[in-house]
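Hi,

Here is the structure I promised to hand over. Have a look at it first, and then read on for what turned up.

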Amino acid sequence: MTWLGPAEWEAVRLSLRVAFWATLLSLPPGIFVAYALARWQFPGKSLLNGLVHLPLILPPVVTGYLLLLTFGPQGPLGRPLEAMGLGLAFRWTGAALAAAVMAFPLLVRSVRLSVEAVDPGLEEAAATLGAPSAWVFATVTLPLILPGILAGAILAFAKAMGEFGATITFVSNIPGETRTLPSAVYTFLQVPGGEASALRLVVVSVIVAMAALALSEILARRIAARVAGR
Amino acid sequence: MTLEVRLRHGWPGFDLDVAFRAPAGVTVLYGRSGSGKSTVVDAVAGLLRPQSGRIVLGDRVLLDTDRGVAMPPHRRRLGYVFQDGRLFPHLTVRQNLMYGRRLAPAARRRTDPERVIAMLGLGPLLSRRPGTLSGGEKQRVAIGRALLAEPEMLLADEPLASLDAPRKAEILPYIERLRDAGGVPILYVTHSVAEVARLATWVVALEAGHTTREGPAQEVLGDPMVTPAGVRAAGAVIEATVMRHHDDGLTELDAGGTPLFLPRVGIAAGGRLRVRIAAQDVILSRGAPEGLSALNVLPGRVAALRQGEGPGAMVVLDTPAGRLLARVTRRSAAALGLAEGTECHAVMKTVAIAPEDVGA
């Protein structure tokens, strides 16, 4: 990609890396929380539901600040992590955490809808055939909710690529470390003569978003046919 | 292997309180929709936890609320054929069939998949997915899937209820074959008296959440006090041997020494079959009828007479062919002077006997 300058290319690569890890690491807890919200009755269910959706409603700057308070070098979780050499503040890993937190509600909503669409009768049938519940989940529920997981993951990835407010508040805007694509666009727009670079990154953003959407459509259609039993 | 069930469960406005046993063969839980049949089967399978009860299969206690025992469904070793099939849509027919088998320990795998596939006629369907199967095909796969999980008992909750008559006729012989092969005992739920008559070796009648009667099929269906599906569905079952097939489309049976004519049946001469004779299709006559179009006339003696609330009366008749039920008006019963011990003749039109009432 010779038409991208080294600084621009760096921002794109960083964003892809941040979004990839943010999506991958939020999948297991996201699926678990979505399943719990869809199928189980437990005390504190509304609280959990509210907590999951909070980043969707709060101003991103507030979420970023709360992350800084919690995971910053002096924060209750940040201090022990820092001691183990796993500090998140002002590192790209922190950017991935911020992106994951912001994308989490989108993932959970999508997966939860697909869990609710699975007939619990199928899970019962699997149990009567001798399957313990973990096996039922792995062989019946999981394959059937795959389209929802996929849609949620792509939505989360796109959200993570574009996360700005929480990221810049939590991990700042350090070139090569936390200057993700949106931060870079913002920075280029602040300096004279940066419009051309900003515009190139905008083009990259649009291409990545379109590609993600197209990919999800193709995969979802293929899986939907499988799940419908055709 | 006998299943013993005793359970109580209450909802607002409905109380279930049942106790019965299911010996080898096909035990039919027979009652109207809403009588609690499906709840009983779900409790046996472990999909529903009754407020109190005890369920024992052979020497295994599946549920004992007094002792806090409630075995989870996946350890009960029961095959469940649901009304709606519940095939896994993302798996092929073969993968569906093998789902439970793969989970059964090798030591318990006695059933040969190829035999089950052949018996249920599933060979051509193996690589298809459930979405492309007809209703009847789906239920056949569901039966095969349950059988191949190596269950110690098969549960079937109205497995034919969602099918039309031709599909029912397609599947019933498979279940009869299963029963006659003497394999796993079957607990079969239905509101269809025709299915009871064809399949049941043991009948448990369920009315409004209570078991009202249990016993061999002939005995329970021949009992005028037991009409869980309403008096219009009442009818006795008799057993007979096929004598010969006539050229004019009739099959002649030998029922306890008397000939009986049916529309042609697909069972070879010498074979045994069961015929359900609906109580409202039987006409009674004091003298031997003459000049009548009906081909079947059985001499008999009134064993009991039960006056109903309405205009009807149920007459229990002992004939050489077995016990028959006849539903006549109270006026006719009085005009004929029917009472216990009265000699009379039962007259049945051959064409009134529907094909779904005849089975092996």
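Let's start with overall shape: for the 360 residues of chain B, a compact globule would have a radius of gyration near 21 Å, and chain B agrees with that at 22 Å. (That radius is taken over C-alpha atoms, and the globule rule is 2.2 Å times the number of residues to the power 0.38.) The C-alpha trace of chain B spans about 65 × 50 × 35 Å along its principal axes.

Before going further, a word on the ground rules. This is a predicted model, where local features need pLDDT of at least 70 and side-chain atom pairs count only at pLDDT 80 or more, while totals for chains, interfaces and linings use all residues. Residues are numbered from 1 along each chain as its sequence is written, with chains lettered from A and ligands numbered from 1 in the order in which they are written.

Chain B has 8 helices and 21 strands (DSSP runs numbered from the N terminus: H or I of at least four residues for helices, E of at least two for strands). In chain B, 46% of the residues count as buried, meaning 20 or more other C-beta atoms within 10 Å of their own; 12 or fewer is exposed, in between is partly exposed, and C-beta atoms are placed from the backbone.

Beyond its neighbours within four places in sequence, L155(B) is in contact with residues including V41(B), L78(B) and L187(B) (contact: C-beta atoms, placed from the backbone, within 7 Å).

A181(B) is exposed, with 10 other C-beta atoms within 10 Å.

Finally, chain B has an open sheet of 5 strands, ordered 14-13-12-15-21 with antiparallel pairing (strands pair if DSSP finds at least two bridges between them). Strand 14 (258-263) and strand 21 (358-359) of chain B are at the edges with a single partner strand each, so one side of each has no neighbour in the sheet.

Cheers

How values were computed: Contact = placed C-beta atoms within 7 Å.
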